[in-house]
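Morning, everyone. Let me put the model up, and then we will go through it piece by piece.

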Amino acid sequence: MSAPLVVVAIVVLVALSVVVLYNGLIRRRNRIDSAWAQIDVQLQRRYDLIPNLVESVKGYASHERELFERVAQARTQAMAAPATPAARSQAEQQVTGALRGLLAVAESNPDLKANQNFLALQEELVGTEGRIAYARQFYNDTVQDWNTRIQAFPGRLVAASFKFTPREYFEADDTSRGPVGVQF
């Protein structure tokens with residue numbers, strides 16, 4: 001084999017490797033974006049449940065006006081939070097805290113605990129909290145894969161060349177670990 005053919009073969013192999021690595025990084029970046037969109041879907045589902053839950057509790061505990069306002073304010077702020085993991089995480093901590101207060105009031109009211117509408121909303125909230133936890137875990141797994149790929153050799157070379165940067169995890173504060181408690 002002549003020297004020019006060897007050089008051409010090496011150049012082709014290097015170019016092919018760069019293309020394969022680049023396309024793999026694009027696939028992973030798109031997977032992260034898709035996982036983030038799933039978090040948004042589940043959070044929106046949660047936000048949509050909150051007004052119905054508040055209305056259910058309001059009929060039985062109308063004296064808790066400050067609590068209802070806190071829940072509504074937390075929901076509004078969370079819906080307006082920037083679409084970054086850090087901002088969303090902080091906003092979700094506020095929503096979780098407000099919901100815990102609302103559900104504590106509901107737990108202390110025996111009539112409300114027997115209300116079928118409230119029980120259905122409670123079940124829906126539990127399911128939604130589970131979906132949020134799963135979506136967050138999937139997102140964090142894809143971020144971990146992405147960050148590992150762009151920091152490990154040879155992906156690091158391609159990532160640096162195309163200015164791919166690490167992504168943030170979507171983390172919950174220690175005070176809000178786990179789903180909102182809704183036991184009755």
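A word on elements before anything else: helices (H or I, at least four residues) and strands (E, at least two) are DSSP runs, numbered from the N terminus. This is a predicted model, so local features need pLDDT of at least 70, side-chain atom pairs count only at pLDDT 80 or more, and totals for chains, interfaces and linings use all residues. Residues are numbered from 1 along each chain as its sequence is written, and side-chain values use heavy atoms, with hydrogens and water left out.

Start with Lys-163. Lys-163 sits in the segment after α6. Its phi is positive, about 60°, although Lys-163 is not a glycine. Is Lys-163 buried or exposed? Here are the cut-offs: buried means under 20% relative accessible area, exposed over 50%, partly exposed in between (1.4 Å probe, protein chains only). Lys-163 has a relative accessible area of 69%, so it is exposed.

Next, the salt bridges. The term means a side-chain nitrogen of Lys or Arg within 4 Å of a carboxyl oxygen of Asp or Glu. How many does a search of the whole structure find? The count is 9.

Pair one is Arg-28 with Asp-145, at 2.7 Å, N to O. Arg-28 lies in helix α1 (residues 3-58) and Asp-145 in helix α5, so this pair ties together parts that are 117 residues apart in sequence. Asp-145 is partly exposed, at a relative accessible area of 27%. There is also a network here: salt bridges link Arg-28, Asp-145 and Arg-149.

Pair two is Arg-46 with Glu-92, at 2.3 Å, N to O. Arg-46 belongs to helix α1 and Glu-92 to helix α3 (residues 85-107), so the parts tied together are 46 residues apart in sequence. Arg-46 is buried, at 2% relative accessibility. Glu-92 is buried too, with a relative accessible area of 7%. What does Glu-92 touch, leaving aside its neighbours within four places in sequence? Contact means heavy atoms within 4.5 Å. Glu-92 is in contact with Leu-43, Arg-46, Tyr-47, Ala-78 and Phe-170.

Arg-65 is exposed, with a relative accessible area of 59%. Glu-69 is partly exposed, at 43%.

Back to helix α5 (residues 116-151), where Asn-147 is found. Asn-147 counts as buried, because its relative accessibility is 9%. Its side chain reaches the backbone nitrogen of Arg-167 at 2.9 Å. Setting aside neighbours within four places in sequence, Asn-147 is in contact with Pro-166, Arg-167 and Tyr-169.

Arg-167 also comes up in a distance I computed against Asp-40. Asp-40 is in helix α1 and counts as partly exposed, at 26% relative accessibility. The C-alpha atoms of Asp-40 and Arg-167 are separated by 17 Å, and the two residues are 127 apart along the chain.

Now the second largest pocket. Rolling a probe the size of a water molecule over the atoms shows where empty space is left. On a 1 Å grid over the protein atoms alone, a pocket is an open set of points where a 1.4 Å probe fits, with protein on both sides within 12 Å along at least five of seven lines; lining residues have an atom within 4 Å of a point. Grid points are joined across faces, edges and corners, and a volume is the space filled by probe spheres set on the points. The second largest pocket has a volume of about 150 Å³. Its lining includes Arg-28 and Arg-149, along with Phe-153 and Pro-154. The elements giving two or more residues to this lining are α1 and α5. Which gives the most? That is α1, with 6 residues. By type, the lining residues divide into 6 nonpolar, 3 polar and 3 charged. In that scheme Ala, Val, Leu, Ile, Met, Phe, Trp, Tyr, Cys and Pro count as nonpolar, Asp, Glu, Lys and Arg as charged, and the others, Gly among them, as polar.

One last item from that lining. The peptide bond from Phe-153 to Pro-154 is cis, with omega near 5°. Pro-154 is found in the loop between α5 and α6 (155-161).

That is my tour. Over to you.

How values were computed
A polar contact is a pair of N or O atoms within 3.5 Å; within protein, one must be able to donate a hydrogen and the other to accept it, and residues adjacent in sequence count only if both atoms are side-chain atoms.
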